[in-house]
Structure formats: structure tokens, C-alpha cells
Amino acid sequence: MQKIADSELILNERGAVYHLDLRPEEVAHTVVTVGDPDRVKEVSKHFDSIEVRRQHREFVSHTGRVGKKRLTVVSTGIGTDNIDIVFNELDALVNIDLEKRMVKDQLTSLRIVRVGTSGSLQKDVPVDSFLASTHGLGLDNLLHFYRAQPNDEEKQLVHAFVTHTGLNGTPPYISGAASSLMKHFVEGFHRGITVTCPGFYGPQGRVLRLGLMYPELIDRLGDFRFGAHRITNFEMETAGIYGLGRLLGHACLSLNAIVANRVEGTFTKDGAKTIESLIRKTLSILEQTEL
Ligand code: R1P
Ligand code: URA
């Protein structure tokens, strides 16, 4: 196997991966990702102890313990371009020997849970409810830069989706949640396919001053059906997390606090309370579960 060049995996003066500024011993094998850097402390305030606090650009990381469980919470910022950075660097921390610059013989699989916000596309998934994403369907282009391996059902679902919506830009891609994690997040969670958009306004059908190429986007996403599957919500990271996570061999789950309902035109009155409640629920499940 080839040594990885300095230009391909950048380490800083601490010997830490460049963007996250983390060293291998500073990351736990169970990771919570959040979009908002300010949400990191809202998660780690529930830790019994914090051993590491790092920040570089929008990537804030705290590592500590909840009960006996060692956890890292890291902010990704917005979008799947940032997921590319966070996932490749988290993976490098556990699966590349940073001194030898070689991929390790024994690979480690991380458990990665996103705790994010999202907009609902269904009347029966109201604001302030929680949703676990069965799949991430990406309208962005991240996975097109990797050799993805969709299975037959995923190929059929994407084909049906393109036919139904008439979206004719970047081909969509899809990947599923890790069932090993999903099975612990059932009670109190809606479920459904989460669409990951490459933007918050036009790519999520919002009209401020500009006309849209797909004015019926919200309707077509909401009425799409594939067997028992339907699209429930959209946001901006899940498909990248599921797609890259699967390729790298990590178990991933995306949990969403619904802050907007785009069918009803409603927005949460107390988003902070809803997110706090999802954080508590997530940490309590992670603490109690043998993962
Ligand atoms: C947009 O406001 C952001 O909110 C959602 C979207 O995915 C996007 O990142 O998630 P977070 O609240 O986790 O950032
Ligand atoms: N995050 C999104 O990306 N969209 C929403 O509507 C709400 C949160």
C-alpha cells in the first residue's frame, strides 16, 4: 500500500487533522454531529466530564463521557461539502496511521449520529416532532465524486424519483441508515426518506425574489411513493452522511428535529426547546445502548 502524501492528508503542527484539529486519541468511537457550531456546547453540557475541546473554523469538537460512554460531538457547518471534510477526517483519525501515513490493516467502524434540524414535507409530520431518516436522497453532487455502489432497490427508487419529480439536473443518489443504530431510535420518532438539498432557498422550493425552475418541488416530493416508502422531510447533510458513511464502513443515523412544515407553512415557536429535547433523548439512548 502507498504512503499518503502530505498534500493529500494535511496535518497541522499538533499532528492533528487539518480542518477538525483533532488527534486520534481525541476522538471517541461514538460521534454526534450537529450543523450549528453553537449546538456543540448544548450537547456537551450534558456530559459528565469533558476531556477535549477544540475549534478550527466552523468545526467545534468536544469529547467526553456520558456515564461510561465516551462520545465526541462535532459541528459540521452546513452542507454536504462540509460532510466530505468531516467524514474523511474522522475516518483518517481511526483508520490511517498518521505517523506512517498508511491505511491501517485493522479498520474501525465509528457510530455516527446526526442531530439536526429539518423541514417537513408531510402534514402528519408536524413541527416540533422528531424523525429518523430511513434513507438520505441527495440532490447535491458529493457522492458523484466517489465510486458509489447503489443496490438494485436504490437504483429503482432513484429512477422512480426522477420520473416522478421531473428533476433533470444532477442525478440524485441514495443511501440507507445503519439498521444497527436505527433499531434503537423507534419510539417517538417518525420515519421516512430525507431529501438532502444543495441549498436552503431555491433547492428547497422557497420563493423570495427569484423564480424557480421547479415550482412544484414541494408537492412532487410530498406525493412521491415507492412501495411503502415516502419522502417526509428535507435538510442539507443526511445523504452525504449516509453515502460517505457507508463507503467508509461507518454506521450512521440522521435524527431530525422538525422546525418547519412546508405543507402547512408553519415554523416552530420554540426551536431551542425542541432541539434540546432531541439532544436529551439521543444522549440517553446512546448512553443506555451497547453499541
Ligand atoms: C439550514 O438552516 C441548516 O439546518 C439544518 C440543515 O441541514 C442545514 O444544515 O441542519 P442543522 O440544524 O443541523 O444545521
Ligand atoms: N433545515 C433545512 O434545511 N430546511 C428547513 O426547512 C429547516 C431546517
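Helices (H or I, at least four residues) and strands (E, at least two) are DSSP runs, numbered from the N terminus. This report applies that naming to a predicted model, in which local features need pLDDT of at least 70, side-chain atom pairs count only at pLDDT 80 or more, and totals for chains, interfaces and linings use all residues. Residues are numbered from 1 along each chain as its sequence is written, chains are lettered from A and ligands numbered from 1 in the order in which they are written, and side-chain values use heavy atoms, with hydrogens and water left out.

## The two ligands

A residue is taken to be near a ligand if one of its heavy atoms lies within 4 Å of it. Around ligand 2 stand Thr-117, Ser-118, Gly-119, Phe-200, Gln-204, Arg-206, Glu-235, Met-236, Val-259 and Ala-260. The protein covers 92% of the 240 Å² of accessible area that ligand 2 has on its own. Such areas come from the Shrake-Rupley method with a 1.4 Å probe; for residues, only the protein chains shown count as cover.

Ligand 1 is surrounded by Gly-35, Arg-39, Ile-78, Arg-114, Gly-116, Thr-117, Phe-200, Glu-235, Met-236 and Glu-237. Here too, the largest share of the shell is three residues from β7.

The table lists close pairs of atoms between the ligands and side chains. For comparison, a polar contact is a pair of N or O atoms within 3.5 Å; within protein, one must be able to donate a hydrogen and the other to accept it, and residues adjacent in sequence count only if both atoms are side-chain atoms.

| Ligand atom | Side chain | Distance |
|---|---|---|
| Ligand 2, nitrogen | Gln-204 | 2.8 Å |
| Ligand 2, oxygen | Arg-206 | 2.6 Å |
| Ligand 1, oxygen | Arg-39 | 2.7 Å |
| Ligand 1, oxygen | Arg-114 | 3.1 Å |
| Ligand 1, oxygen | Glu-237 | 2.5 Å |

Of the 340 Å² of accessible area that ligand 1 has on its own, the protein covers 84%.

Two strands pair if DSSP finds at least two bridges between them. Strand β2 (residues 49-56) runs antiparallel to β3, and seven bridges join them. His-56 stands opposite Phe-59 in β3. The two strands form a hairpin with two residues between them, and Arg-57 in the turn has a positive phi of about 50°.

Strand β3 is also joined by six bridges to β4 (residues 69-75), again in an antiparallel arrangement. Arg-65 has Arg-70 in β4 as its bridge partner. This hairpin likewise has two residues between its strands, and Gly-67 in the turn has a positive phi of about 60°.

Buried means under 20% relative accessible area, exposed over 50%, and partly exposed in between (1.4 Å probe, protein chains only). Seven of the eight residues of β3 (residues 59-66) are buried, so this strand is largely enclosed by the rest of the structure.

## Salt bridges

Side chains of opposite charge can pair when their charged atoms come close. A salt bridge is a side-chain nitrogen of Lys or Arg within 4 Å of a carboxyl oxygen of Asp or Glu. The structure holds 17 salt bridges.

One of them connects Arg-70 with Glu-51, with the closest N and O atoms 2.8 Å apart. The pair links distant parts of the chain, Arg-70 in strand β4 and Glu-51 in strand β2, 19 residues apart. Arg-70 is partly exposed at 22% relative accessibility, and Glu-51 is partly exposed at 46%.

Salt bridges that share partners join Arg-14, Asp-21, Glu-26 and Arg-54 into one network. Within it, the side chains of Arg-14 and Asp-21 meet at 3.1 Å, N to O. Arg-14 also forms a salt bridge with Glu-26, where the closest N and O atoms are 2.9 Å apart. Arg-14 is partly exposed, with a relative accessible area of 25%, whereas Asp-21 is buried at 8% and Glu-26 is buried at 11%.

Glu-276 is located in helix α7 (residues 271-288). Glu-276 is buried, with a relative accessible area of 17%. Its side chain makes a polar contact of 3.4 Å with the side chain of Lys-45.
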